[in-house]
Amino acid sequence: MSVLKDLRSKSGAPMVECKKALESSDNDIDAAVEWLRKHGAAKTSSKVAGREAQEGLVGVLTAGKSAAIVQVASETDFAGRSKAFSDLVEHITSATLQSSLASEIDSKDLMSIAVDGKTVEEAMEDAILSIRENLKVKSALSCVADDGLWVGYVHGRVSDAAGSAAAIVNVSGDVSEQVLQEVGKKLAMHVVAARPLFMNPESVPDDVVAKETEILREQIAETIKNKPPDIVEKIIAGKLRKYYETVCLTEQAHMILEGNPKVKKSLKEQGVKLIRFEFKGLHH
């Protein structure tokens, strides 16, 4: 009975499947775990495949010039906050961090990366077997900085590296690493709170600017009637600045710092340069 209890605790699989696994492996617990992976996980995966997975967690890990930010989906919030699921998210985040690819990693490529002797595919199988839900890696981004370092922040933390939303920022400057960490942490917190779409006005795509300009012209059509073209352009430019203050990180009011100074002003005063940021959150 103790072997059955140990297998159930180790695998999270139902009692009936654990009994079948032990019977098929002569009560060898390691062989039984493998049996569950091959039979139980495959059976469970086929049952849950196709079911909608809209909950889950975001994972973040940073190590100097390297960072990883991933989003893993579950079907329910209850499962998404379980230890089995948060352990899976941390495993996938670790695998993403140690990958040699400095980019968005295809989930198929991610599956073969091993952490502590276990591949992501095996970790996924174990988690599906334990949680009994459809689980998906929605995105896995590996980042490597040429300058400075990466700093991360996890919001709604469920474990050390996983929560409901997270951000990483690449910051540099002729300041101490401690200052970069402190400034970066507060900036990452701001990113999670404000959720900017772009880093600065220069990074907003031309088609987005053109579309926003067209919308603004329609909004103020009555106001600008009979006004000289140069005045109209000044009005549009002023309203575009307001738009940038909403969607561009450098133009936003820093929500974490006292007095809410503009982000670019606060960074300049602290001798820190923002190179890049990434944000991921549930339903984002």
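First, the ground rules. The model is predicted, so local features need pLDDT of at least 70, side-chain atom pairs count only at pLDDT 80 or more, and totals for chains, interfaces and linings use all residues. Residues are numbered from 1 along each chain as its sequence is written, and side-chain values use heavy atoms, with hydrogens and water left out.

Start with the cores. A nonpolar core here is a set of buried Ala, Val, Leu, Ile, Met, Phe, Trp, Tyr and Cys residues joined through side-chain atoms within 4.5 Å. Buried means under 20% relative accessible area, exposed over 50%, and partly exposed in between, with a 1.4 Å probe and protein chains only. The largest core has 24 residues. Phe85, Leu88, Ile92, Leu110, Met124 and Leu135 have the most contacts inside it. Two or more residues each come from β2 (66–74), α5 (83–98), α7 (120–131) and β5 (136–144). Helices (H or I, at least four residues) and strands (E, at least two) are DSSP runs, numbered from the N terminus. α7 gives the largest share, 6 residues.

Take Leu110. Leaving out residues up to four places away in sequence, Leu110 touches Ile92, Ala95, Thr96, Ile105, Val120, Val137 and Ala140. Contact means heavy atoms within 4.5 Å.

Next, the helix pair. How do α9 and α10 pack? Helix α9 (206–219) and helix α10 (229–247) pack at about 120 degrees, axes 10 Å apart. Axes are lines fitted to C-alpha atoms over the stretch in contact, and angles run from 0 to 180 degrees between N-to-C directions. That makes the two helices oblique to each other. The cut-offs: under 35 degrees is roughly parallel, over 145 roughly antiparallel, 65 to 115 roughly perpendicular, the rest oblique. On the α9 side, the contact includes Val208, Val209 and Leu216. On the α10 side, it includes Ile236, Leu240 and Tyr243.

Now the single residues. Ala114 sits in strand β3 (114–115). Ala114 is partly exposed, at 35% relative accessible area. Beyond its neighbours within four places in sequence, Ala114 contacts Gln98 and Thr119.

Two backbone points to finish. Asp26 has a positive phi, near 55 degrees, and is not a glycine. Asp26 lies in the loop between α2 (15–24) and α3 (29–48). Is Asp26 buried or exposed? Exposed, because its relative accessibility is 73%. Asn260 also has a positive phi, near 50 degrees. Asn260 is in the loop between α10 and α11 (263–269), and is partly exposed at 41%.
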